[in-house]
Amino acid sequence: MRILDTQVAPEWVDYNGHMNDAEYARVFSLALEALMDHIGLDEAGRAEHAYTIYTLETHLCYRREAHEGQHLGVEVTLLDQDAKRLHVFMEMQDQDGQTLATSEQMLMGMGSDSGRPEPFPASVAERIDRLPQADTKQWPSLAGRRIGIRR
């Protein structure tokens, strides 16, 4: 599901003439905010439910360079979920659908007042259930990767 469309801002470009590595993380963070809005945790929803989402872990893979002004689209797929957590996979693409980067993330639902993990509010859980979910046997090829030097 397409969750975000944006473009490479001039201030995101580094001395190499392409988007700085930290800015890829920024775009995925913006995509997470768009996902939160989509499932009912926009500013009003966070206040109403006293609930938010924290990122516990992220694995970012850089595939291609992005340049100033270039269109960026982010697709999101739900890999897994339970009462309090979401395991999501996001793919950043250029205007031609070429993969620029991916971000696999483990997210935790948190009570804003308690500062502790709590189950998703019912209306949010219903929206999560409608997200596109990958079949466990057909995850995206870049999901579930480990970092390490292969020997």
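## Basis of the description

A residue is called buried when its relative accessible area is under 20%, exposed when that area is over 50%, and partly exposed in between, with a 1.4 Å probe and protein chains only. This is a predicted model, in which local features need pLDDT of at least 70, side-chain atom pairs count only at pLDDT 80 or more, and totals for chains, interfaces and linings use all residues. Residues are numbered from 1 along each chain as its sequence is written, and side-chain values use heavy atoms, with hydrogens and water left out.

## The sheet

Helices (H or I, at least four residues) and strands (E, at least two) are DSSP runs numbered from the N terminus, and two strands are taken to pair if DSSP finds at least two bridges between them. On that basis, 5 strands make up an open sheet with antiparallel pairing, in the order β1-β3-β4-β5-β2. Its edge strands are β1 and β2 (51-62), each of which pairs on one side only.

Strand β4 (residues 85-93) is in turn connected to strand β5 (residues 99-111) through 9 bridges, the two running antiparallel, and here Met92 lies opposite Ala101 in β5.

## Two threonines in the strands

Thr6 belongs to strand β1 (residues 2-7) and counts as partly exposed because its relative accessible area is 23%. Although Thr6 and Leu72 are 66 residues apart along the chain, their C-alpha atoms are separated by 5.2 Å. Contact here means heavy atoms within 4.5 Å, and, leaving aside neighbours within four places in sequence, Thr6 is in contact with Trp12, Val27, Gln70, His71 and Leu72.

Thr99, which is found in strand β5, has a relative accessible area of 16% and is therefore buried. With neighbours within four places in sequence set aside, the contacts of Thr99 are Arg63, Arg64, Glu91 and Met92. The side chains of Thr99 and Glu91 are joined by a polar contact of 2.2 Å, a term for a pair of N or O atoms within 3.5 Å in which, within protein, one must be able to donate a hydrogen and the other to accept it, residues adjacent in sequence counting only if both atoms are side-chain atoms.

## Nonpolar cores

A nonpolar core is a set of buried Ala, Val, Leu, Ile, Met, Phe, Trp, Tyr and Cys residues joined through side-chain atoms within 4.5 Å. The largest such core has 34 residues, and those with the most contacts inside it are Met19, Leu72, Val74 and Met92. At least two residues of this core come from each of β1, α1 (21-38), β2, β3, β4, β5 and α3 (122-129), with α1 giving the most, namely 8 residues.

Beyond its neighbours within four places in sequence, Met92 is in contact with residues including Met19, Tyr24, Val27, Phe28, Leu72 and Val74. A second, separate core of 5 residues includes Leu79, Phe89, Ala134 and Ala143.
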